[in-house]
Amino acid sequence: NGNVFPTDVSADWSSVNLYDMAGDSTWPIVLVSYLYVKKDQSATNPKTAAALKAFIKMVVDDTDGMAQEFGFTPPSADLKSLSNSAADAIVYPSSMQAFDVESSTNAYGGMA
């Protein structure tokens, strides 16, 4: 599996796929260890950009406590602060409408 990554780090990585790789020394990807996000997202489809922004917030803030629920260490307050500062520097399309995240929805009963 030595040919998975481009040899030039500035090359196009869009075809890199690490899921379901065969081999005795492979494992499934089960969590986010880090995010690499291009700072200028202004040319990104506004709906895609909104989804990206919501995903970053969900991972960094961990408001649902999912990290601990699944046996992972949640981000520290310092890491959350640093990550949120970096996320705030991302430039999104001017026409993007950010997602609203519900906080009062009953998972099985709907809106409270």
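Biologist: What share of the contacts in the protein with a separation of 6 or more comes from residues 24 or more positions apart?
Modeller: This is a predicted model, so the figure is computed from predicted atoms. Among contacts with a separation of 6 or more, those between residues 24 or more positions apart account for 51%.

Biologist: Which pattern do the helices and strands follow along the sequence?
Modeller: Let's start with the inventory: the protein has 3 helices and 2 strands. Read along the sequence, these elements follow the pattern α-α-α-β-β.

Biologist: What percentage of the residues in the protein are buried?
Modeller: Buried means a relative accessible area under 20%. Of the 112 residues in the protein, the buried ones make up 12%.

Biologist: And how much of the accessible surface belongs to carbon and sulfur atoms?
Modeller: The accessible surface of the protein comes to about 9,400 Å². The share belonging to carbon and sulfur atoms is 55%.

Biologist: Which element gives the largest share of the largest nonpolar core?
Modeller: That core has 8 residues: Ala-49, Ala-50, Ile-56, Val-60, Ala-87, Ile-90, Tyr-92 and Met-96. The largest share of the core, 4 residues, comes from H1.

Biologist: Leaving aside neighbours within four places in sequence, which residues is Ala-87 in contact with?
Modeller: Ala-87 is itself a member of the largest nonpolar core. With neighbours within four places in sequence set aside, the contacts of Ala-87 are Ile-56 and Tyr-92.

Biologist: Which residue forms a salt bridge with Lys-57?
Modeller: A search of the whole structure finds 1 salt bridge. In the bridge made by Lys-57, the closest N and O atoms are 2.6 Å apart. The partner of Lys-57 is Asp-61.

Biologist: Why are Lys-57 and Asp-61 separated by about one helical turn?
Modeller: Asp-61 lies in helix H1. The separation of Lys-57 and Asp-61 is about one helical turn because, in helix H1, they stand apart by 4 residues.

Biologist: Is Asp-61 buried or exposed?
Modeller: Residues with a relative accessible area under 20% count as buried. Asp-61 has 14% relative accessibility, so Asp-61 counts as buried.

Biologist: Which residue is joined to Asp-61 by a polar contact of 3.2 Å?
Modeller: The side chain of Asp-61 also makes a polar contact of 2.6 Å with the side chain of Lys-57. Setting aside neighbours within four places in sequence, Asp-61 is in contact with Lys-80 and Asn-84. The polar contact of 3.2 Å joins the side chain of Asp-61 to that of Asn-84.

Biologist: Which backbone oxygen does the side chain of Gln-41 reach?
Modeller: You can find Gln-41 in the segment before H1. Gln-41 has a relative accessible area of 11%, so Gln-41 is buried. At 2.9 Å, the side chain of Gln-41 reaches the backbone oxygen of Lys-38.

Biologist: How far apart are the C-alpha atoms of Val-91 and Ser-42?
Modeller: Val-91 sits in the loop between helix H3 (77-88) and strand E1 (105-106). Beyond its neighbours within four places in sequence, Val-91 is in contact with Lys-39, Asp-40, Gln-41 and Ser-42. Val-91 and Ser-42 are 49 residues apart along the chain, and their C-alpha atoms are separated by 5.8 Å.

Biologist: Moving to Val-16, how far are its C-alpha atom and that of Pro-6 separated?
Modeller: Val-16 is found in the segment before H1. Not counting residues up to four places away in sequence, Val-16 touches Val-4, Phe-5 and Pro-6. Val-16 and Pro-6 are 10 residues apart along the chain, with their C-alpha atoms separated by 8.2 Å.

Biologist: What is the area of the nonpolar surface patch that includes Leu-35?
Modeller: Leu-35 is found in the segment before helix H1 (46-61). At 39% relative accessibility, Leu-35 counts as partly exposed. Together with Phe-55, Met-58, Met-66, Phe-70 and Phe-72, Leu-35 makes a nonpolar surface patch of about 540 Å².

Definitions and conventions: Residues are numbered from 1 along each chain as its sequence is written. This is a predicted model: local features need pLDDT of at least 70, side-chain atom pairs count only at pLDDT 80 or more; totals for chains, interfaces and linings use all residues. Side-chain values use heavy atoms; hydrogens and water are left out. Patches are made of residues with over 30% relative accessible area and no salt bridge: like charges are joined within 9 Å, nonpolar side chains (Val, Leu, Ile, Met, Phe, Trp, Tyr) within 5 Å. Accessible areas come from the Shrake-Rupley method with a 1.4 Å probe; for residues, only the protein chains shown count as cover. A salt bridge is a side-chain nitrogen of Lys or Arg within 4 Å of a carboxyl oxygen of Asp or Glu. Buried means under 20% relative accessible area, exposed over 50%, partly exposed in between (1.4 Å probe, protein chains only). A polar contact is a pair of N or O atoms within 3.5 Å; within protein, one must be able to donate a hydrogen and the other to accept it, and residues adjacent in sequence count only if both atoms are side-chain atoms. Contact means heavy atoms within 4.5 Å. A nonpolar core is a set of buried Ala, Val, Leu, Ile, Met, Phe, Trp, Tyr and Cys residues joined through side-chain atoms within 4.5 Å.
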